[in-house]
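Dear colleague,

I am pleased to hand over the structure that follows. Please look through it first and then read the notes below it.

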Amino acid sequence: MNIFSLLALILTIAGWGLFALTGMHLLSGYIDERSCQTDCVQMIFISAVVVGFSGLILGGFSMFRTGKHTVGIIALLLALPLCTIFATFLITALIS
């Protein structure tokens, strides 16, 4: 196992966790009643995007290393849908 593939897997799982945390805060009630206001939610989302894309890049980088690629493939398979969701959000925000 490669350190890059293990780090990619950890970052991808952390990205999914931050994405779930963003959704939880967005759906936690009215905007005045939330424990995490707009700036907090934006910071969590941006952190999720950075961590998710870092996991995708490290997962891709681990594919070019020698050795077994099982963990790198798992990291890529987990990071690809996450980064697709983030790309959809970011493209939609830029268009509108």
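Predicted model: local features only at pLDDT ≥ 70, side-chain atom pairs only at ≥ 80, totals over all residues.

Residues are numbered from 1 along each chain as its sequence is written, and side-chain values use heavy atoms, with hydrogens and water left out.

The predictor's confidence in each residue is given as pLDDT, from 0 to 100. The chain has a mean pLDDT of 89, and 97% of its residues reach 70 or more. Among the elements, H1 has the highest mean value (93) and H2 the lowest (91).

The chain has three helices and zero strands; these are DSSP runs, numbered from the N terminus, with helices (H or I) of at least four residues and strands (E) of at least two. The C-alpha trace spans about 50 × 30 × 15 Å along its principal axes. Of the 96 residues in the chain, 29% are buried, where buried means under 20% relative accessible area, exposed over 50% and partly exposed in between (1.4 Å probe, protein chains only).

Helix H3 covers residues 70-95. Its 26 residues should span 38 Å at 1.5 Å a residue, and its end C-alpha atoms are 37 Å apart, which agrees. The expected span is 1.5 Å times one less than the number of residues. A kink of about 25° lies at Ala79, shortly before the proline Pro81; the bend is the angle between axes fitted to the seven residues ending at a residue and the seven starting there. The buried residues of H3 include Val71, Ala79 and Phe86. The buried residues of this helix pack against helix H1 (3-26) and helix H2 (38-63).

Rings of Phe, Tyr and Trp (its six-membered ring) pair if their centres lie within 6.5 Å; planes under 30 degrees apart count as stacked, over 60 as edge-to-face and the rest as tilted. By this rule there are six aromatic pairs. The rings of Trp16 and Phe19 have centres 6.1 Å apart and planes at 75°, so this pair is edge-to-face. Both residues lie in helix H1, three residues apart, about one turn of the helix. Trp16 counts as partly exposed, at 30% relative accessibility. One aromatic cluster is formed by Trp16, Phe19, Phe45, Phe86 and Phe89.

Yours sincerely

Terms used:
Contact = heavy atoms within 4.5 Å.
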